[in-house]
Amino acid sequence: MTVTITKASIGKELRDYTMITIAMVSYAIGWGIFLLPNNITTGGVAGISSILFWATGIPVQVSYFVINGLLLAAALRVLGWRFCVKTVFAVATLTVSISVVSSHYHAHLLADQPFMAAIIGAVFCGCGVGLGLSSNGSTGGTDIIAAIINKYRDVSLGRVILICDVIIISSSYFVLHDWEKVIYGYVVLYVTAFCIDQVVESARRSVQFFIISDKYEEIGQRINREPHRGCTVIDAQGFYSGKDVKMLFVLAKRRQSDMIFRIINEVDPHAFVSQSAVIGVYGEGFDHFKVRTKKAIRNKD
């Protein structure tokens, strides 16, 4: 299989790795500064590492790295090397980040306000996980399981992680012997799942445009060339005037809306434009269909 390398693909990869780095630093701040010092459990491998740290004193970065290494080796065939390479990078970045936070930051923030520590830590962790998943990487652990399920089924990433992590947080009672800390862990889990869904879904949201303009060809060419989105020309007719017109139909990511509006304004400020949000867009350049085929159902049976 030949891989074509272009400036656009290199730029996208660099952007992904930059966002993954920011995401892992965010997660390390939430975990290492707000949750771990206050004995509040988070989910996934981070939660397991926290429990091992409280029980045995093993540094969290050591157990986190080892467990994720085993999970990634098992998931390589399912998720593909591209996802796993970015996830390995994310796991390594988080391991280094949490090591730096643990060794250089010793202040105990919100020691007398564990609920606030749980909320703030969960926001940092949830935004970090969501940003990592949006950039085709993850923090590993239950994120890998969620990514596998989401690859084949249209299931909320946050909900999958929520279900997988309940057992981990509940088991922290056997180490901490404090149900209040377990409840704070549930709060962390809910807020983290909510933030993951918000970040991931905001990155996937799409919009559609209906554009009526005498300069539709120039507008369509600009949209093809700059945001790299396809246009469909629809023959239409004004009901009142009876005039035949050409209407452009465009589907794009929400973040590309400003660029499309700028193009329309530069080419034809008097164009008639309708923009609306869409629930889902599937196909080339957007999401993939996530349905169970009859063959898959037969194989399962």
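Strands, labelled E, are DSSP runs of at least two residues, numbered from the N terminus. The legends below describe a predicted model.

**View 1. Val233 in strand E2.** Val233 belongs to strand E2, which spans residues 231-237. With a relative accessible area of 45%, Val233 is partly exposed. Leaving aside residues up to four places away in sequence, Val233 is in contact with Tyr216, Lys246, Met247 and Leu248. Its C-alpha atom is 9.0 Å from that of Glu217, a residue 16 places away along the chain.

**View 2. The four-stranded sheet.** An open sheet is built from 4 strands in the order E2-E3-E1-E4, with antiparallel pairing. E2 and strand E4 (272-278) are the edge strands; each has a single partner, so one side of each lacks a neighbour in the sheet. On average, neighbouring strands of this sheet are turned by 25° against each other, direction ignored.

**View 3. Pairing of E1 with E3.** Strand E1 (residues 206-212) and strand E3 (residues 244-253) run antiparallel and are joined by 7 bridges. Within E3, Leu248 is the residue opposite Ile211. Leu248 is also among the residues touched by Val233.

**View 4. Helices lying across the sheet strands.** Helix H10, residues 216-225, lies across E1, E2 and E3 and runs at about 15° to E3. Helix H11, residues 257-267, lies across E1, E3 and E4; its direction is at about 10° to E1.

**View 5. The largest nonpolar core and a separate one.** The largest nonpolar core contains 36 residues, and Tyr27, Trp31 and Ile40 have the most contacts inside it. At least two residues of this core come from each of helix H1 (7-35), helix H2 (44-56), helix H3 (60-79), helix H4 (81-104), helix H5 (114-134) and helix H9 (179-204). H1 gives the largest share, 9 residues. Another core, of 14 residues, lies apart from this one and includes Ile211, Tyr216, Ile223 and Ile264.

**View 6. Surroundings of Trp31.** Trp31 is one of the residues with the most contacts inside the largest nonpolar core. Not counting residues up to four places away in sequence, Trp31 touches Leu36, Pro37, Thr42, Ala46, Ser49, Ser50, Val60, Tyr64, Ile98 and Cys125.

Note on methods. Residues numbered from 1 in each chain as written. Predicted model: local features only at pLDDT ≥ 70, side-chain atom pairs only at ≥ 80, totals over all residues. Heavy atoms only, no water. Buried < 20%, exposed > 50% of the residue type's maximum accessible area, 1.4 Å probe, protein only. Contact = heavy atoms within 4.5 Å. Core = buried A, V, L, I, M, F, W, Y, C linked by side-chain atoms within 4.5 Å. Pairing = 2+ DSSP bridges. Axes fitted to C-alpha atoms, helices over the stretch in contact; angles between N-to-C directions.
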